[in-house]
Amino acid sequence: MSQPASILVAGASSGIGAALARALAARGEALVLSARRLDRLEALAQQLQRDHGVAVQALPCDLAQAGAAQQLRQELRRRDLTLKGLVNSAGFGLRGSVDTIDPAALETFLRVTLQAPVELTTAFLPEVSRHPDGLILQVASLAGLVPGLAGSAVYSASKAFVIRFSQSLAAEQGADGVRVMVLCPGYVRSEFHAALGVQDQMNQLPGWCWMEADDLARRALRALDGQSVVVVPGLWNQSIALLARLLPEAQSRTLGRRFSRRYRQPAPEPPGPVGKDHP
């Protein structure tokens, strides 16, 4: 008996990626979970199979390695798995001004956050497009919609790239093609800020600024049922995105500087990569 077409969730070992996997499994979708940490993937796969009775495969992969997307494609073929969807939630953060970032960490960051979304999409789009309910969901960030902040230049720029890439892809697919959406979350409770070294500062934000990862995932899947390409979940995040569009640039920069000084101080020494659903 042939296996059902699956949705590949890249970066599924923690945070938003794991939450999206849980939400998709609750909808009865067969899944392929991919990330670096096989132990986490297998634990999540067992949980989803037990709780929802869906087929789930764990497939370790490091998207920082050259040719990772094609290796994933070959392994899926070897396992006789076909895809109807791609969720790219893989990524991590870098902290500090551009001149303090370790070059090796920067290279890895660019491979995972810029090259990987493009390579995964081009590798699997032909297969996904054969399904009437094919979908591609990219996870970007509210940071890609607001003026860049000091200490997160490459992060903000990479998310802006993913947003524009997704918009163009959606335009190419048109109304009858693959459903394309890019999710732009704001503050989500996960491992991200602790790994980035700014958890104490971020804890100063009011609780209503934050969203739980599972709540975010449910909102994302509801949005997938609609037509919007760029989705900013939550009224607080939507207000920030709107304010960023309406404010004069000088005022936006002033607010950004104040925020950076309080919550995103540059690292005291060149940091390495820190995890955020990094495969």
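## Basis and overall content

In this predicted model, local features need pLDDT of at least 70 and side-chain atom pairs count only at pLDDT 80 or more, while totals for chains, interfaces and linings use all residues. Residues are numbered from 1 along each chain as its sequence is written, and side-chain values use heavy atoms, with hydrogens and water left out.

The protein chain has 10 helices and 11 strands; these are DSSP runs numbered from the N terminus, with helices (H or I) of at least four residues and strands (E) of at least two. Of its 279 residues, 52% count as buried (buried means under 20% relative accessible area, exposed over 50%, partly exposed in between, with a 1.4 Å probe and protein chains only). Among contacts (heavy atoms within 4.5 Å) with a separation of 6 or more, 75% are between residues 24 or more positions apart.

## Packing of H1 and H2

Helix H1 (residues 15–26) packs on helix H2 (residues 38–52) at an angle of about 25 degrees, and their axes are 10 Å apart. Axes are lines fitted to C-alpha atoms, for helices over the stretch in contact, and angles run from 0 to 180 degrees between N-to-C directions. H1 and H2 are therefore roughly parallel (angles under 35 degrees; over 145 is roughly antiparallel, 65 to 115 roughly perpendicular and the rest oblique).

On the H1 side the contact is made by Ala18, Ala21, Arg22, Ala25 and Ala26, and on the H2 side by Leu44, Gln47, Leu48 and His52. These residues divide into 6 nonpolar, 2 polar and 1 charged; Ala, Val, Leu, Ile, Met, Phe, Trp, Tyr, Cys and Pro count as nonpolar, Asp, Glu, Lys and Arg as charged, and the others, Gly among them, as polar.

## Packing of H4 and H5

The axes of H4 and H5 come within 10 Å and cross at roughly 10 degrees, which makes H4 roughly parallel to H5. Residues of H4 in the contact include Leu106, Phe109, Thr113 and Leu114, and those of H5 include Ser158, Phe161, Val162 and Phe165. The contact residues divide into 12 nonpolar, 4 polar and no charged.

Serine 158 lies in helix H5 and, at 2% relative accessibility, counts as buried. Not counting residues up to four places away in sequence, serine 158 touches Phe109, Thr113 and Leu114.

## Aromatic pairs

There are 2 aromatic pairs. Rings of Phe, Tyr and Trp (its six-membered ring) pair if their centres lie within 6.5 Å; planes under 30 degrees apart count as stacked, over 60 as edge-to-face and the rest as tilted. Phenylalanine 92 and phenylalanine 109 have ring centres 5.4 Å apart and planes at 85 degrees, so the pair is edge-to-face. Phenylalanine 92 is in strand E5 (residues 92–93) and phenylalanine 109 in helix H4 (residues 103–128), so the pair ties together parts 17 residues apart in sequence. Both phenylalanine 92 and phenylalanine 109 are buried.

Phenylalanine 161 and phenylalanine 165 form a stacked pair, 6.3 Å centre to centre with 0 degrees between the planes. They are 4 residues apart in helix H5 (residues 153–173), and so separated by about one helical turn. Phenylalanine 161 is partly exposed, at 38% relative accessibility.

## Aspartate 80

Most residues other than glycine have a negative phi. Aspartate 80, not a glycine, has a positive phi of about 60 degrees. Aspartate 80 sits in the loop between helix H3 (68–78) and strand E4 (83–88), and is exposed, with a relative accessible area of 55%.
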